[in-house]
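Student: Before we look at this predicted model, could you show me how its labels follow from the computed values?

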Amino acid sequence: MASSTFGISSLLQAEKQAKEKVGGARKAKALRLKAAKDEAKAEIEVFQKQSQITFQDQERVILGSRDDMKQRQDQHEVSERTRIATKTQTNKGLVIDRILGLVCNVEPKLHINYRVPA
């Protein structure tokens, strides 16, 4: 009887040690997975940053810098405003004379589609 109790207790002890080893292995596996996930996230972030930098460089090369575009737009706007202002000043007198001529020299005419009632 003593030997069977000893056998059972040694089996229980062996089972307990096996559970501890399996638990330790599971914990180690979980830690390795977590470390691998963290490493993968870090690699993804580095790749995204590099891709973003590459994209911005290509965008600058293709479209020019945004400041350059803004300066060109502002220059174009100023030149157009100046051109419109000059044309307005040169044609202002002619337009006023034409409007006054049309308003003051009224010539009554019948419309071409008007039919005299019979």
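Tutor: Let us start with the accessibility classes, in which buried means under 20% relative accessible area, exposed means over 50%, and partly exposed is what falls in between.

Student: What makes lysine 19 count as exposed?

Tutor: Its relative accessibility is 57%, and since exposed means over 50%, lysine 19 belongs to that class.

Student: How do you know that lysine 70 and aspartate 74 form a salt bridge?

Tutor: The closest N and O atoms of lysine 70 and aspartate 74 are 3.4 Å apart, and the rule asks for a side-chain nitrogen of Lys or Arg within 4 Å of a carboxyl oxygen of Asp or Glu, so the pair qualifies as a salt bridge. The two residues lie four apart in helix α2 (residues 66-104), which means that about one helical turn separates them.

Student: What makes glutamate 77 and arginine 81 a salt bridge?

Tutor: Their closest N and O atoms are 3.1 Å apart, and because the cut-off is within 4 Å, this pair is also a salt bridge. Glutamate 77 is partly exposed at 39% relative accessible area, whereas arginine 81, at 59%, is exposed.

Student: How many salt bridges does the rule give?

Tutor: The count comes to four.

Terms used:
Residues numbered from 1 in each chain as written. Predicted model: local features only at pLDDT ≥ 70, side-chain atom pairs only at ≥ 80, totals over all residues. Heavy atoms only, no water. Buried < 20%, exposed > 50% of the residue type's maximum accessible area, 1.4 Å probe, protein only.
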